[in-house]
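Please view the structure alongside the notes.

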Amino acid sequence: MGLLAYLKTQFAVHLLIGFVFVVSGLVINFIQLCTLALWPINKQLYRRLNCRLAYSLWSQLVMLLEWWSCTECTLFTDQATMNHFGKEHVVVILNHNFEIDFLCGWTMCERFGVLGSSKVLAKKELLYVPLIGWTWYFLEIVFCKRKWEEDRDTVIEGLKCLADYPEYMWFLLYCEGTRFTETKHRVSMEVAASKGLPPLKYHLLPRTKGFTTAVQCLQGTVAAVYDVTLNFRGNKNPSLLGILYGKKYEADMCVRRFPLEEIPQDEREAAQWLHKLYQEKDALQEMYEQKGIFPGQQIKPARRPWTLLNFLCWATLLLSPLFTFVLGVFASGSPLLILTFLGFVGAASFGVRRLIGVTEIEKGSSYGNQEFKKKE
């Protein structure tokens, strides 16, 4: 095992990476709070600044995927579709089967220059998660309770506010509403059968309200819908902890572009279109299961150096005073000071682990176990 490979497995190194992410995130959140004063004066300047502040935080996670674990991301698409990437507002539909599916999506956003302006329809609980939810709040992310009767007005208002967004944005939708598990899949397919819909083998039944509302509210802003089907070679099921330990994965992403004018505006017809899309996604997953490959040209967009440079800048800025402080603590010889410091380290370790836990499938919400049985 080489030195770098050894360091990637060490808890102390993980703690330092977590320290840089958390402290830089708090600094970024404070700056974002200060930028609120710009909103009534120059809303577009506020948005552009927050796109770059968000990039400075999210790119640290992308750096772990690209440069720390050296995970490879391959696109299966055509050049005509590639030519549109990063040059238009789009809605992105991604399957929700893996703990790091969002990170693979962010990697593609970064490589095409839209990471800072990427959006998502997120569950309201995330709003209260430090760093993640706080950063999203300043980015005008649309939060919902996943109860359509209560969410309708909030979602419509939030989407309409994005109509004049100054940066190209990729608006991510997990139409399944929650991560795939066998229990949720069984319940979901019971609902599909009751509605006379074809069964899906690799996906949950898509929830159509968020999609149809997004298409209607972003009409005239969004140019297309990107359908993205993600899988990992070797039947791997990667985790954020695995990435932190430097494990390398190979992600394959099949991307199809549908111009918005091809998608029906009528709510019922748009819902039927989405169900048909998920049947096609299921067929793509079946092909991957059998052949280990998606159809289409294989393209590997080059990783950019900015994520690594951003992390190194934050690490240089924050770790130097940390090391000076730690040396001072142990040089003091004070048992109380040393114990206090060790307690802080333990608390910091627990906090970082809780943040990572947000991505873990087994700690996901129970949403979808019984909710599929309720009327959308």
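In this predicted model, eight strands form an open sheet with mixed pairing, in the order E4-E3-E5-E2-E6-E7-E1-E8. Strand E4 (142–144) and strand E8 (297–299) stand at the edges; each has a single partner strand, so one side of each is left without a neighbour in the sheet. On average, neighbouring strands of this sheet are turned by 30° against each other, direction ignored.

**Pairing around E5**

- Strands of a sheet pair through backbone hydrogen bonds, either parallel or antiparallel.
- Strand E3 (residues 119–123) and strand E5 (residues 170–173) run parallel and are joined by two bridges.
- Within this pairing, Lys119 has Phe171 in E5 as its bridge partner, and Val120 has Leu172 in E5.
- E2 and E5 also run parallel, with four bridges joining them.
- Ile93 has Leu173 of E5 as its bridge partner.

**Side chains of E5**

- Trp170 and Leu172 point one way from E5, while Phe171 and Leu173 point the other way.
- All of these residues are buried.
- Among them, Phe171 is the bridge partner of Lys119, and Leu173 is that of Ile93.

**Helices on the sheet**

- Helix H7 (residues 148–161) packs on the sheet and touches E3, E4 and E5.
- The direction of H7 makes about 175° with that of E4.
- Helix H11 (residues 267–291) lies across strand E2 (90–94), strand E6 (224–232) and strand E7 (250–259).
- The angle at which H11 runs to E6 is about 30°.

**Thr213**

- Thr213 belongs to helix H9 (residues 208–217).
- With a relative accessible area of 6%, Thr213 counts as buried, because buried means under 20%.
- When neighbours within four places in sequence are left aside, Thr213 is in contact with Trp148, Val155, Ile156 and Leu159.

- Ile31 is placed in helix H2 (residues 11–35).
- The relative accessible area of Ile31 is 36%, so this residue is partly exposed.

Terms used:
Residues are numbered from 1 along each chain as its sequence is written. This is a predicted model: local features need pLDDT of at least 70, side-chain atom pairs count only at pLDDT 80 or more; totals for chains, interfaces and linings use all residues. Side-chain values use heavy atoms; hydrogens and water are left out. Buried means under 20% relative accessible area, exposed over 50%, partly exposed in between (1.4 Å probe, protein chains only). Two strands pair if DSSP finds at least two bridges between them. Axes are lines fitted to C-alpha atoms, for helices over the stretch in contact, and angles run from 0 to 180 degrees between N-to-C directions. Contact means heavy atoms within 4.5 Å.
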